[in-house]
Amino acid sequence: MSKDRVLGAILFIVVLSLLLPACSFGPTGFSGISDKNGETVPGQENTYKEAITQAETTACKANRVSLRSNVEMYAAEMGDYPTSLEKLVSEGYLDKIPTCLKSNKSGKPYTYDSQTAKISCPNGHPDLDS
Ligand SMILES: [Zn+2]
């Protein structure tokens, strides 16, 4: 590589790095002007909220899958389902009972039926079996 080519490459990168931020600002500015409903920002917020909601639902399901497998493990060893989820902690199956991310505000724990081992979310997330 000649020195000129190296210089050219460096110059190219410098120009690119100057152009890229300008480009990313461009569409935002444009959509702000050309947006017909004036709802550009709320729209983006909705997408963000949907992603959060999706993540919460997935995490909640994973929590209950994990709880359920601990309940099954308990039942396999003890011969019956635990009478409460707290039993999983007191018997050393879990360090603590996970809660739904949405429960961080409400503080509500999962509801558990010791007859069927069904674990439900207090925040309305779909049941595992459904
Ligand atoms: Zn939940």
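Ala-117 sits in the loop between strands β1 (111-113) and β2 (118-120). Helices (H or I, at least four residues) and strands (E, at least two) are DSSP runs, numbered from the N terminus. The phi of Ala-117 is near 65°, a positive value in a residue other than glycine. Most residues other than glycine have a negative phi. Ala-117 is partly exposed, because 16 other C-beta atoms lie within 10 Å. By definition, 20 or more such atoms make a residue buried, 12 or fewer make it exposed, and partly exposed lies in between; C-beta atoms are placed from the backbone.

This is a predicted model: local features need pLDDT of at least 70, side-chain atom pairs count only at pLDDT 80 or more, and totals for chains, interfaces and linings use all residues. Residues are numbered from 1 along each chain as its sequence is written.

Now the whole protein. It has four helices and two strands. From the N terminus on, the order is α-α-α-α-β-β. Buried residues make up 12% of its 130 residues.

Next, the core. A nonpolar core is a set of buried Ala, Val, Leu, Ile, Met, Phe, Trp, Tyr and Cys residues joined through C-beta atoms within 7 Å. The largest one has eleven residues, including Leu-67, Leu-85, Tyr-112 and Ile-119. Helix α2 (residues 40-78) gives the largest share of this core, four residues.

Finally, contacts: two residues are in contact if their C-beta atoms, placed from the backbone, lie within 7 Å. Leaving aside neighbours within four places in sequence, Tyr-112 is in contact with Ser-84, Leu-85 and Ile-119. Across the protein, residues 24 or more positions apart account for 44% of the contacts with a separation of 6 or more.
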